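This briefing walks through one protein model, beginning with a single residue and widening out to the sheet, the charged pairs and the overall fold. Please keep the sequence and the structure in view while reading.

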Amino acid sequence: MTSKTFDPVAFIGKEWSIESDNGVNPADLSGVVLKHFLKDGEDYITGDEILERQKGEQPLNADAFLRLWENQELIPKEWYPAAEKGYIEFSGTVLRSSYGRRVFLFLYRSDGGSWDWHYFRLDFDRDRQDVSPHSTLTP
């Protein structure tokens with residue numbers, strides 16, 4: 001299966017753009033772990049703080065998001081509980097919305113058990129239920 005490159009205009013709408021992409025789209029998801037980046041004693045963290053704390057890591061990007069969205073059978077079963085309680089954010093790519101907001105894409109599971117997606121502003125808080133997939137494999 002060949003991976004597509006995420007195009008925010010085609011996927012979301014006009015005037016959307018990629019601000020930065022420092023993530024990866026690993027073919028092998030077995031080395032991917034879900035992280036929340038909260039420190040002990042913290043209840044919340046913003047997306048901007050996640051960007052700071054994930055430096056030196058390999059977060060999954062919007063290309064990985066698109067591959068999983070279009071091929072949901074590839075989403076690891078171990079991710080299901082996290083996606084039912086919170087969001088799985090693809091923090092390797094920062095998008096800029098048509099309103100100028102910086103956002104991450106995320107996947108989640110609806111009450112009916114189907115997969116859905118949305119985006120979340122970087123200046124809003126996340127808690128321990130909102131996680132980001134990161135590759136632990138050497139690139």
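Leaving aside residues up to four places away in sequence, Arg126 touches Asp43, Tyr44, Ile45, Thr46, Gly47, Ile50, Glu89, Phe104, Phe120 and Arg121. The model is a predicted one, and in it Arg126 belongs to strand β7, which covers residues 125-126. With a relative accessibility of 1%, Arg126 counts as buried, the limit for that class being under 20%.

**Surroundings of Arg126**

- A polar atom of the Arg126 side chain lies 2.6 Å from the backbone oxygen of Phe124.
- The residues that Arg126 touches include Phe104 and Phe120 as well as Glu89 and Arg121.

**The four-stranded sheet**

- Four strands make up an open sheet in the order β1-β4-β5-β6, and their pairing is antiparallel.
- The edges of this sheet are formed by β1 (17-21) and β6 (115-121), each of which pairs on one side only.
- On average, and with direction ignored, neighbouring strands of the sheet are turned by 40° against each other.
- Helix α3, residues 62-70, packs on the sheet and touches β4, β5 (102-109) and β6, while its direction makes about 25° with that of β5.
- Strand β5 is mostly covered, in that six of its eight residues are buried.

**Strand pairings and hairpins**

- Strand β1 pairs with β4 (residues 88-96) in the antiparallel sense over four bridges, and Asp21 stands opposite Thr93 of β4.
- Strands β4 and β5 run antiparallel and are joined by five bridges, with Arg102 in β5 as the bridge partner of Arg96.
- The hairpin formed by β4 and β5 has five residues between the strands, and Gly100 in its turn has a positive phi of about 85°.
- Strands β5 and β6 also run antiparallel, here over seven bridges, and Arg109 stands opposite Trp115 in β6.
- The hairpin of β5 and β6 likewise has five residues between its strands, and Gly113 takes a positive phi near 95° there.

**Salt bridges**

- Side chains of opposite charge can pair when their charged atoms come close.
- The count of salt bridges in the model comes to eleven.
- One of them joins the side chains of Asp48 and Arg102, at a distance of 2.7 Å from N to O. Because Asp48 lies in helix α2 (residues 47-53) and Arg102 in strand β5, this pair ties together parts that are 54 residues apart in sequence.
- Asp48 counts as partly exposed at 29% relative accessibility, and Arg102 is also partly exposed, with a relative accessible area of 27%.
- Glu49 is partly exposed, with a relative accessible area of 30%.
- Lys55 and Glu52 form a salt bridge through their side chains at 3.3 Å, N to O, in which Lys55 is exposed with a relative accessible area of 59%, whereas Glu52 counts as partly exposed at 46%.

**Overall fold**

- The secondary structure of the protein comes to four helices and eight strands, and from the N terminus on the elements run α-β-β-β-α-α-α-β-β-β-β-β.
- The radius of gyration is 14 Å, close to the 14 Å that the globule rule gives for 139 residues, so the protein is as compact as a globular protein of that length.
- Taken along the principal axes, the box filled by the C-alpha atoms is roughly 40 × 35 × 35 Å.
- Of the 139 residues, 42% count as buried.
- Among contacts between residues at least 6 apart in sequence, 70% join residues at least 24 apart.

Terms used
Residues are numbered from 1 along each chain as its sequence is written. This is a predicted model: local features need pLDDT of at least 70, side-chain atom pairs count only at pLDDT 80 or more; totals for chains, interfaces and linings use all residues. Side-chain values use heavy atoms; hydrogens and water are left out. Two strands pair if DSSP finds at least two bridges between them. Helices (H or I, at least four residues) and strands (E, at least two) are DSSP runs, numbered from the N terminus. Axes are lines fitted to C-alpha atoms, for helices over the stretch in contact, and angles run from 0 to 180 degrees between N-to-C directions. Contact means heavy atoms within 4.5 Å. A salt bridge is a side-chain nitrogen of Lys or Arg within 4 Å of a carboxyl oxygen of Asp or Glu. Buried means under 20% relative accessible area, exposed over 50%, partly exposed in between (1.4 Å probe, protein chains only). A polar contact is a pair of N or O atoms within 3.5 Å; within protein, one must be able to donate a hydrogen and the other to accept it, and residues adjacent in sequence count only if both atoms are side-chain atoms. The radius of gyration is taken over C-alpha atoms; the globule rule is 2.2 Å times the number of residues to the power 0.38.
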